[in-house]
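I set out to look up charges, contacts and backbone geometry in this structure, and I keep the notes in the order in which I checked them.

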Amino acid sequence: MQEIEKSISFDGRDIKLRVGLLAPQAGGAVLVQSGETAVLVTATRAAGREGIDFLPLLVDYEERLYAAGRIPGGFLRREGRPPERATLISRLIDRPMRPLFPQWLRDDIQIVATTLSMDEQVPPDVLAATGASVAVLLAKIPFNGPMAAVRVGLVGDDFVINPTYKEVENGDLDLIVAGSPDGVIMVEAGANQLPEADMIEAIDFGYEVVQDLIQAQLDLIKELGIEIVKEPEPETDPTLATFIEEKTSAAIKEVLKQFSLTKPERDEKLDAIKAELVTTIDGLEEDHPVKVAVAANGKALGNTYKSVTKKLMRQQIIDEKVRVDGRKLDEVRPIYCQVGLLPERVHGTGLFQRGLTQVMSVVTLGTPGDAQMMDDLHPDEEKRYLHHYNFPPYSVGETRPMRSPGRREIGHGALAERALVPVLPPKEDFPYVIRVVSEVLSSNGSTSMGSVCGSTLSLMDAGVPITKPVSGAAMGLIKEGDEVRILTDIQGIEDFLGDMDFKVAGTDSGITALQMDMKITGLPIKVIAEAINQAKPARLHILEKMLATIDTPRTTMSKYAPQLITFKIDPEMIGMVIGPGGKKIKAITEQTGAKVDINDDGTVTVSCLSGEKARQAKSMIEAIVFKPSAGDVFVGTVMRVIPIGAFVEFMPGQEGMIHISQLADYRVAKVEDEVNVGDEVIVKVREIDGRGRVNLTRLNIHPDEAAAARAAAAAR
């Protein structure tokens, strides 16, 4: 392939697409570069496997630490398991790409994005997503693209395309918009309580640039003489579909109109209709076309029955505007909330249930040393708020092996985390590291938004002073031709058989997180705006139910939560507190049982279950870093005696010397005649010499000064 480079500029920032040089044996390969961030993206297609009835698309995002001039840590000194951010970027690429492949495609497709170089200005994720589209086009894989993605930031009052890490950190919006020629296909956002109108404007702003990137891809493949592959869908015999529709439609419609059925009851009745269908087909002649079709493809019957059910459910919503549980299109399921469900040993709990979806969130408060250290290419080195999401098989009445968290669990946890970060107190006011674990106990749609609600309840129960409570709702969509129906608070069947899963979280002031995934090839901004606006009253309704349970964060924390005391010391004194080989800080820990964390800027955090012990540790540290002044009076202990004087520890870890001439107001022949090791003495700072040495005296100390020194020593 000839080497070609295309470049597109906006807001003074360039994105370069370079093909024909790297990875020549991949189906398609492109190097996407902006600034000094460069991502190689490849796409490769292999023949489909027998028995596969889904698209086996595999997307992997790989980070190489050499991209930032770093050597990996650990014993092996090489990259290991992908960090969570890499998993999230893999999902970010997969989600807008998957809907654009033909539904009938069953070939193995693998997209690999590898960050080869990265500065601390340009994030690689949106470059990787756009590169995936280019690579697939170059690989001549059937694809309803092109697709492109951009990040939108809000700096002051201005939207910025592909902002730097610093601009995202200092701004009020981190939005990713992905789109195809048919419209927006994916949205991912975190925001600082951004009003709905501003969010809609930002999505529209981003999609305009997406269209420019799509055109750049079209120009590139045209120059290479490549056409977008639009393979026709393989023809299927309609006999089986017609037969199943005729035999089951009436019964399925009847079940879908039994609004009082629970999810298990509805599933049981639909399974019974399917079982009766199987019996009917088994009774047909061996050469009957329907029986022949089922025998030729073991999954044809189940897939076709599912398609008929989907068609009838969607038709009911489009024509009658009634959902399978009888709700109106904008109606939220019944809500139940509870806090303090678990014993006080855990630091805070919140139970949130919406319909059959039930999530319990549990808060643990930790010390600064519990922060998660990040070992990836992102500039942030640690996280002090961790949100983890668990989805056990029993939550949907199933059995399966339980392994480490998958991409879905990591993605849902990250979404809930993003929704709550804007309302957390600043580190300076609340130095705790916070971990929230959301346990999905029952799932029937929108567990990620249930996690947001349950976690808000648990944070308030734990006494975390969040600035505002956050709630969330999942919106769905059914689109048939020009007819569009937007659904509030979708349940499982509406998610599975619908065209959109749109999650919106926020406070009563605005949006904090947004995530939209499509199953169709794009939506116009007008429909997205309608979904965002329809979500607001649902969020406020849910928030009202939550606040009826607990309306403000508790003013006290669990007695089992660590007591934290934070204060500052001179950074130059850190070494004195730690001591040689950590001797001093170990002594403080052993004596008090407190844990001490010291940052490079001199911020000290003392943590202990006992507030008294924490205060004792603080006093010991303050004594070590205390800088005496001439005239200060102390109660000290004689530590050593030499011929010319005595060394006295007047504060923990700090010593000064009393010269023999300063021991008494008369001539002293021998130091031991006045003081010995272990004696308690009242001393005054006479001077601090140019080398920082403290010279003490026992002379000219007023009785009131001595009394004050004794009182201060007793307080320590």
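**Basis.** I am working with a predicted model, in which local features need pLDDT of at least 70 and side-chain atom pairs count only at pLDDT 80 or more, while totals for chains, interfaces and linings use all residues. Residues are numbered from 1 along each chain as its sequence is written, and side-chain values use heavy atoms, with hydrogens and water left out.

**Salt bridges.** I searched the whole structure for salt bridges (a side-chain nitrogen of Lys or Arg within 4 Å of a carboxyl oxygen of Asp or Glu), and the search finds 41. I looked up arginine 314 and found its side chain in a salt bridge with that of glutamate 480, at 2.7 Å from N to O. Arginine 314 belongs to helix 8 (residues 300–320) and glutamate 480 to strand 18 (residues 471–480), so this pair ties together parts that are 166 residues apart in sequence. For these elements I took helices (H or I, at least four residues) and strands (E, at least two) as DSSP runs, numbered from the N terminus. I also noted the accessibility of the two partners, calling a residue buried under 20% relative accessible area, exposed over 50%, and partly exposed in between (1.4 Å probe, protein chains only). Arginine 314 is buried at 5%, whereas glutamate 480 is partly exposed at 40%.

I then turned to lysine 383 and glutamate 417, whose closest N and O atoms are 3.0 Å apart in a salt bridge. This pair links distant parts of the chain, with lysine 383 in strand 15 (residues 382–383) and glutamate 417 in helix 9 (residues 407–420), 34 residues apart. Lysine 383 is buried, with a relative accessible area of 16%, and glutamate 417 is buried as well, at 15%. I also recorded a network in which salt bridges that share partners join Arg95, Asp125, Arg151, Asp174, Glu188, Arg418 and Asp517.

Glutamate 63 lies in strand 5 (residues 57–63), and its side chain makes a polar contact with the side chain of tyrosine 61 at 3.4 Å. By polar contact I mean a pair of N or O atoms within 3.5 Å; within protein, one must be able to donate a hydrogen and the other to accept it, and residues adjacent in sequence count only if both atoms are side-chain atoms.

**Backbone.** Most residues other than glycine have a negative phi, and most peptide bonds are trans. Proline 146 is found in the loop between helix 2 (125–138) and strand 7 (148–155).

Alanine 23 has a positive phi of about 50° although it is not a glycine; I placed alanine 23 in the loop between strand 2 (13–19) and strand 3 (28–34), where it is partly exposed at 29%. Glutamine 193 also has a positive phi, near 55°, but glutamine 193 sits in strand 10 (residues 183–194) and is buried, with a relative accessible area of 17%.
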